[in-house]
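Subject: Structure handover and notes

Hello,

Here is the structure you asked about, with the sequence. My notes follow below it.

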Amino acid sequence: MDLNKLANALIPDEAVKPLDYYETLYPERDLEKGAEVTRLAPSPTGFMHLGNLFVALANERIAHQSGGVFYLRIEDTDEKRKVEGAVEVIHSSLKYFGVEFDEGADLCGNYGPYYQRQRAEVYHAYAKELIKKGLAYPCFCSESDLEKTREYQTENKLLPGYYGEFAKCRDLSEEEIYANLAAGKPYVIRLRSQGDVEKKHPFRDVIKGEITVTENNQDVVILKSDGIPTYHFAHAIDDHFMRTTLVVRGEEWLSSLPIHIELFNVLGFKLPKYGHNCSIQKIDGETRRKLSKRKDPEASLTFYREEGYHPAAVRTYMMTLLNSNFEEWLLKNPEAPIEEFKFSMGKMGKSGALFDILKLNDIAKTHFAKLTAEEAFEFMKTWANEYGTSAQQAYFADREYLLKVLTLCMGIGGKQRRKDVICAKQALETISYFFDETFAPSGEYRFEKETVQKAIRSFAEKYSIADDNSAWFEKVKAVATELGFATDMKAYKADPSAFAGNVSDIAEILRVATTGLSNTPDLWTIMQILGEKRTLDRLNAAASA
RNA sequence: GGCCCGUUGGUCAAGCGGUUAAGACACCACCCUCUCACGGUGGUAUCAUGGGUUCGAGUCCCGUACGGGUCACCA
């Protein structure tokens, strides 16, 4: 068969340039030895998964730590999954979590275009080359043809797929091919695989270590009927010409690694290094499974923004999952920027980690405990303007007042910072009682109504905003004594039945009366912040409720 | 089902032939205390399993079980 003629019939010379052209257009990058070129290559589906941030972070760290390049390539070869504005979402959501690209889609760069649909020419040039060499061929099988062979294969417990004797179009005669073409039959271009599934080779994955790969024997599709490449072919071409040195991607790609190895080989390209990372999992009843976009809200990056998690906290959590020694390093260097941590591929986990929101919350709390009142204010304000209720947005009108509230609630200036702010949403919910619009009297007391009212009334009569903390507490104690509550905790513990209760019970009554909650920070300070009038109003309202 | 990957406390995990098997989160107890927290002290709890190799195995080899991934003109 005249392969040149076939190649020209399928892909005319005018459509492509000689192969040398591409090699000079995309030259080797001029980087220091050891510098890694990595990438993130998502589909523009408009949905950003936690897993996207996870791999992005790994790739970003490796590139930047080694003095290399981290770029963004858009895998838009599947028309069905494409969503308008998706690339913008990729940039903005990753940027929010501190991941930025050096080059790529919608950015500058000499190795573009970075959208695969715009790179048709390169793919065609190399597909043509493979056809010329007899390493690729047109396949006219229809979906139902393929379906039939698959059925036959599963029935007979054979390896499914398009290979060997099942590769019907592999050895079509010249006449058949041209007749099909003349008839306008749709076709795809398939690789003529040279592999043998009986042959296995050791392979070094930078994350998994030594693994064995079986040779590929599938005549995989490299160009779909619309002339767009499949992932496999685009991956080989793009990562070669964008001069990627290290591909870190999800574990789900491990099984197609044999295809990629054969493709690089057949194209005469140097194989990049590979690292296949495990996916973040979630426990669902008894079983573990991947974090699911449909079932788990926390799978989406927008979840963390909507809840008001600080981006640095999420990034830190990702890092602890990414590199097992990160947490220890962070403990020793609490103030150091993440960039100083020596990220290592070898320290990436070999098995999938379970997503643990409790751990994230702890990290988030620790992180908030490092912010100043102003920083917390600004962060929460930004959050509230985007996701908060209008009442919450109004909290920010009186800066001085809110700053005081935050200072108290976050323990700023105290001996120790409180660690109970997880995210902006939760924080604003817990301070709602500082604002009349959102203050919700509860009326839930653990004592008789009469006792409660007496206690509140008696305290209200004595209260003065001028009291310092100890004078204030003396008054609480006085109320306790009046009502037969213990003021000496030791005495109370020795014989609780001798008292109606103890000071802390009185404090709780006052706390519920002024805040609606039984657990708040220091009550004296709360009253100082609320001011005398508002405090007395609330006490009086509670006393007569 | 075939192929590939994995399995150390409830969770993330250190470990690289000899350790009392780190640490963090969670949990429990006690202390501090006007509440809740924060903090402090302590505690419960792990090498999936059966065989080898070895003076010695969480660490090396084989089998088994379990979990995950993948078998598209989707990435």
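Which strands does helix α5 lie across, and at what angle does the helix run to β4? Helix α5 (residues 120-132) lies across β4, β5 and β8, and its direction is at about 100 degrees to β4. Please keep in mind throughout that this is a predicted model.

β4, β5 and β8 form an open sheet of 3 strands, in the order β4-β5-β8, and the pairing is antiparallel. β4 (136-139) and β8 (221-223) are at the edges with a single partner strand each, so one side of each has no neighbour in the sheet. From one strand to the next, the twist averages 45 degrees. Strand β5 (residues 188-191) is joined to β8 by 2 bridges in the antiparallel sense. Arginine 190 has valine 221 in β8 as its bridge partner.

The parallel sheet

A further open sheet has 3 strands in the order β1-β2-β3, with parallel pairing. Its edge strands, β1 (37-40) and β3 (103-104), each pair on one side only. Between strand β2 (residues 69-72) and β3 there are 2 bridges, in the parallel sense. Here tyrosine 71 stands opposite glutamate 103 of β3. Helix α3 packs on this sheet and touches β1 and β2, its direction making about 160 degrees with that of β1.

Alanine 35 is in the loop between α2 (19-25) and β1. Leaving aside residues up to four places away in sequence, alanine 35 touches Ser66, Gly67 and Gly68. With 17 other C-beta atoms within 10 Å, alanine 35 is partly exposed. Between alanine 35 and glutamate 298 there are 34 Å in space, C-alpha to C-alpha, and the two are 263 residues apart in sequence.

Helix α3 against helix α11

Helix α3 (residues 50-65) also meets helix α11 (residues 311-322): their axes come within 10 Å and cross at roughly 75 degrees. The two helices are therefore roughly perpendicular to each other. On the α3 side the contact is made by Leu53, Phe54, Leu57 and Ala58, and on the α11 side by Arg315, Met318, Met319 and Leu322. By type, the residues of this contact are 7 nonpolar, no polar and 1 charged.

The surface near the RNA

RNA strand B is surrounded by 64 residues, of which Glu75, Ser324, Gly349, Ser351 and Asn519 are the closest. Elements that each supply at least two residues of this surface include α6 (143-155), β7 (209-214), β12 (287-290) and α11. Also among them are α12 (326-332), α13 (357-368), α21 (503-515) and α22 (523-530). What is the make-up of the surface near RNA strand B, in nonpolar, polar and charged residues? The surface divides into 18 nonpolar, 22 polar and 24 charged residues.

The β6-β7 hairpin

β7, one of the elements in that surface, is joined to β6 by a hairpin of 3 residues. The two strands run antiparallel and are linked by 6 bridges. Histidine 201 has valine 213 of β7 as its bridge partner. Is strand β6 well covered or hardly covered? Strand β6 (residues 200-205) is hardly covered, and the count of buried residues among its 6 residues is 0.

Backbone points to check by eye

- Glycine 112 and proline 113 are joined by a cis peptide bond, with omega at about 0 degrees. Proline 113 is in the loop between β3 and α5.
- Lysine 157 is not a glycine, yet has a positive phi of about 55 degrees. Its place is the loop between α6 and α7 (174-182). Is lysine 157 buried or exposed? Lysine 157 is exposed, because there are 7 other C-beta atoms within 10 Å and 12 or fewer count as exposed.
- Arginine 243, also a residue other than glycine, has a positive phi near 60 degrees. Arginine 243 sits in the loop between α8 (231-241) and β9 (246-250). With 17 other C-beta atoms within 10 Å, arginine 243 is partly exposed.

Regards

Notes: Residues are numbered from 1 along each chain as its sequence is written. Chains are lettered from A and ligands numbered from 1 in the order in which they are written. This is a predicted model: local features need pLDDT of at least 70, side-chain atom pairs count only at pLDDT 80 or more; totals for chains, interfaces and linings use all residues. Axes are lines fitted to C-alpha atoms, for helices over the stretch in contact, and angles run from 0 to 180 degrees between N-to-C directions. Helices (H or I, at least four residues) and strands (E, at least two) are DSSP runs, numbered from the N terminus. Angles under 35 degrees count as roughly parallel, over 145 as roughly antiparallel, 65 to 115 as roughly perpendicular and the rest as oblique. Two residues are in contact if their C-beta atoms, placed from the backbone, lie within 7 Å. Ala, Val, Leu, Ile, Met, Phe, Trp, Tyr, Cys and Pro count as nonpolar, Asp, Glu, Lys and Arg as charged, and the others, Gly among them, as polar. A residue is near a molecule or strand if its C-beta atom, placed from the backbone, lies within 6 Å of it. A residue is buried if 20 or more other C-beta atoms lie within 10 Å of its own, exposed if 12 or fewer, and partly exposed in between; C-beta atoms are placed from the backbone. Two strands pair if DSSP finds at least two bridges between them.
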